[in-house]
Amino acid sequence: MPRNSPLFSISNLVKTFSPGKGTTVSALSGVNMEIREGELLLIAGANGSGKTVLMLILAGLMDPDEGELLFRGQPLGGAIGELRRHLGLVFQDPDAQTVGETVAEDIAFGPKNLGLSKPAVMERVQNALEALGLEHKRDWPPRNLSGGEKRRLAVAGVLAMGCGTIIMDEPFANLDWPGVVQVLEIIRQLKNEGKTVILLTHELEKVLAFADRLIILDRGIIREDGKPADVLDRLKDSYGVRDPRRNYGAVEDCTWL
Ligand SMILES: Nc1ncnc2c1ncn2[C@@H]1O[C@H](COP(=O)(O)OP(=O)(O)OP(=O)(O)O)[C@@H](O)[C@H]1O
Ligand SMILES: [Mg+2]
């Protein structure tokens with residue numbers, strides 16, 4: 001698909017939860033946005049602002065109560081197969097996505113499902129292990145990894161799939177400095193390959209320099225959407241997102257690479 005053509009078009013997305021005792025939570029209240037092929041979009045918001053719910057709906061893993069979601073111009077229901085092949089997800093909870101008995105098998109799962117030959121799968125596994133610094137743990141059961149190693153494994157699995165669009169939910173959580181650098185290098189590489197990258201994070205200081213666009217989500221509402229510097233200029237404290245330029249100077253300096 002040509003760069004800049006609409007990948008996701010979302011209109012009036014509403015999602016409300018009723019966890020019990022008469023309480024309701026508006027996780028998303030009327031979200032409108034278009035995500036374009038090849039852009040690096042950063043969605044920031046405080047805890048509970050609706051980032052993860054938005055990702056689950058985009059991925060077709062949760063149904064909205066109201067609203068329309070188009071993937072490449074088609075309603076999601078009819079395009080779910082294409083979406084599944086196209087989209088790679090790094091979940092906020094890495095335990096939610098481990099499937100293999102060992103780290104290497106876990107990474108191999110996605111490429112195998114794509115029907116790649118055994119040597120091609122092995123090459124992808126090896127490259128992903130190296131990119132995330134997990135070679136020494138290749139035969140370990142994923143459950144025995146540390147929190148940061150599990151995050152590395154989740155990113156390795158998505159990298160090995162070679163998806164056209166990647167959504168990462170809190171990609172830097174639990175990672176040490178070398179881990180953050182490895183993930184940032186991958187994000188930069190994906191961007192250079194023209195892939196669409198959507199990052200849900202409040203750790204703007206680590207990655208904002210690479211973002212084409214910044215969206216601020218606040219209590220289920222998009223408050224700002226635009227070029228990172230413009231959005232930061234309009235930031236309000238009530239959104240619960242800190243302007244990283246306070247410590248890092250300009251947007252271009254907001255990276256740990
Ligand atoms: N399965 C669920 N049942 C009930 N409420 C939910 C459920 N999932 C999310 N919520 C609520 O929806 C709101 C948005 O949650 P979400 O997980 O999207 O926030 P988030 O922006 O990802 O936060 P964080 O930064 O902590 O990851 C929160 O108020 C949360 O309590
Ligand atoms: Mg979340």
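These are my notebook entries on a predicted model.

**Ground rules**

I number residues from 1 along each chain as its sequence is written, with chains lettered from A and ligands numbered from 1 in the order in which they are written. Because this is a predicted model, I ask for pLDDT of at least 70 for local features and 80 or more for side-chain atom pairs, while totals for chains, interfaces and linings use all residues, and side-chain values use heavy atoms, with hydrogens and water left out.

**Entry 1**

My helices (H or I, at least four residues) and strands (E, at least two) are DSSP runs, numbered from the N terminus.

**Entry 1: ligand 1**

Next I listed the residues around ligand 1, taking those with a heavy atom within 4 Å of it. There are 13, and Gly48, Lys51, Thr52, Val53 and Gln92 come nearest. H1 gives the largest share of this shell, three residues; strand E2 (23-36) also supplies at least two.

Then I checked polar contacts (pairs of N or O atoms within 3.5 Å; within protein, one must be able to donate a hydrogen and the other to accept it, and residues adjacent in sequence count only if both atoms are side-chain atoms). Oxygen atoms of ligand 1 lie 2.8 Å from a polar side-chain atom of Lys51, 2.9 Å from a backbone N or O atom of Val53, and 3.0 Å from a side-chain N or O atom of Asn47. The protein covers 67% of the 630 Å² of accessible area that ligand 1 has on its own (Shrake-Rupley method, 1.4 Å probe; for residues, only the protein chains shown count as cover).

**Entry 2: Lys15**

I stopped at Lys15 in strand E1 (residues 6-20), which counts as buried at 11% relative accessibility. What does its side chain meet? A polar atom of that side chain lies 2.8 Å from the backbone oxygen of Asp63. Beyond four places in sequence, Lys15 has contacts with residues including Val25, Leu28, Val53, Ile57 and Asp65 (contact means heavy atoms within 4.5 Å).

**Entry 3: nonpolar cores**

I looked for cores (buried Ala, Val, Leu, Ile, Met, Phe, Trp, Tyr and Cys residues joined through side-chain atoms within 4.5 Å). The largest has 48 residues, and Leu42, Ile107, Met168, Leu208 and Leu214 have the most contacts inside it. Apart from it I noted another core, of 31 residues, with Val31, Leu41, Phe71 and Leu200 among them.

**Entry 4: positive phi**

Asn174 has a phi of about 75°, in the loop between strand E7 (165-169) and helix H6 (177-192), and is exposed at 59%. Arg219 has a phi near 50°; this residue lies in the loop between strands E9 (213-218) and E10 (221-226) and is exposed at 53%.

Conventions: Buried < 20%, exposed > 50% of the residue type's maximum accessible area, 1.4 Å probe, protein only.
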